There are 2 protein chains.
Amino acid sequence: MAMDLRSGCPINLSLEVFGDRWSLIILRDMIFGGKRHFRELLTTSIEGIASNILADRLKRLMEFGMLTKADDPTHKQKAIYSLTEKSIALVPIMAQLGAWGRAWLPVSEELSIRAELLEDGGPAMWEAFMADLRAEHLGIGKVRPMDESVRGRLQAGYEAVVLRKAGAASP
Amino acid sequence: MAMDLRSGCPINLSLEVFGDRWSLIILRDMIFGGKRHFRELLTTSIEGIASNILADRLKRLMEFGMLTKADDPTHKQKAIYSLTEKSIALVPIMAQLGAWGRAWLPVSEELSIRAELLEDGGPAMWEAFMADLRAEHLGIGKVRPMDESVRGRLQAGYEAVVLRKAGAASP
DNA sequence: TCAACCAATTGCAAAATGCAATCAGTTTGG
DNA sequence: CCAAACTGATTGCATTTTGCAATTGGTTGA
């Protein structure tokens, strides 16, 4: 909604698209967690986003061309969200963010496995992962899928952590 | 101040440090614009930050160990802000952000020269630039400075743009 | 039929932001 | 020597954004 256009600087413009507290978290869960539905994003995000904020950010990200939305054929009410090439192109940024966080912040070992894999794999692996995302979200390319075990570890959800948190809350 | 600790995910923790509307803009101006003083950051930022927000963010960034503050020997009242290794380590993130913005957003040609230089130079150039920043802000290393013309273009300020904006406002 | 589930929406309090005015100490120019 | 300009902030206040809980209108599967 709010398109300030504070300046035409690339860094500033990028921040205007996803430089808020939630947009990158949502995209992280879609890119690395394989989340495609509203409910999935709402209930399995470790950080616990509120439904109104999630609805607003999904709308905003669609307006910016970062996501598309389609009817889920299996469920008339379900919407399925897809990444676009524009948001898949964030993988290198995510990788650098993860690497920086791992180096300088008190990350939890469990949640930084993905960042470590991306860091160790380097640009070649980012590209392979992006090709995988294109195949899943855009339905193109993908002659040979990424190594399955690597992909599995990369997309391994936070479900265990989420469940543990939920369990601790209601024992 | 506000340390939520929403989760120990590297990306989330990184966002808690600089995932707001202004912190990265300030760091960008210090890293690429060579700004070291409150007034410089206040008046030569193209985006036009308010002084109370600037004061708050400088304080916050110091609390996070991204900046340090010292008395300017040439001016008793002047404070000089320095980058730390932690914030210098953001250069790769800035480079990726700039590259993404340049590829996907309507950046102004004038303001995206830095991003283009970083993109073309690649990781080797990022490292050279970081070494330069270490020499200036931490007073270490620096056997041989970076190529002067490249460094000049990289740090070329937005002064022309700022002046033009100011001029247009009061003709 | 009916409870569970779906993607949102609404209302409201709290926090963040933007803006202008102001502050006390410092330096500079005449 | 003194006034003007400059230093890094701080204050007050209106607007905007956010966070949270409850709720909505519709769908699904038993």
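**Figure 1. The residues of the surface near DNA strand C divide into seven nonpolar, eight polar and five charged.** In this predicted model, a residue counts as near when one of its heavy atoms lies within 4 Å of the strand. Nonpolar covers Ala, Val, Leu, Ile, Met, Phe, Trp, Tyr, Cys and Pro; charged covers Asp, Glu, Lys and Arg; the others, Gly among them, are polar. In total, 20 residues surround DNA strand C, and the closest include Arg39(A) and Arg57(B).

**Figure 2. Here are polar contacts (pairs of N or O atoms within 3.5 Å) with DNA strand C.** Look for Ser51(A), with a polar side-chain atom 2.7 Å from a base oxygen. Gln77(A) likewise has a polar side-chain atom 2.8 Å from a base oxygen. For Trp22(B), a side-chain N or O atom is 2.8 Å from a phosphate oxygen.

**Figure 3. α4(B) gives the most to the surface near DNA strand C, with four residues.** Helices (H or I, at least four residues) and strands (E, at least two) are DSSP runs, numbered from the N terminus.

**Figure 4. Strands β1 (residues 67-71) and β2 of chain B run antiparallel, joined by five bridges.** Strands pair if DSSP finds at least two bridges between them.

**Notes.** Residues are numbered from 1 along each chain as its sequence is written, chains are lettered from A and ligands numbered from 1 in the order in which they are written. Local features need pLDDT of at least 70, side-chain atom pairs count only at pLDDT 80 or more, totals for chains, interfaces and linings use all residues, and side-chain values use heavy atoms, leaving out hydrogens and water.

Note on methods
A polar contact is a pair of N or O atoms within 3.5 Å; within protein, one must be able to donate a hydrogen and the other to accept it, and residues adjacent in sequence count only if both atoms are side-chain atoms.
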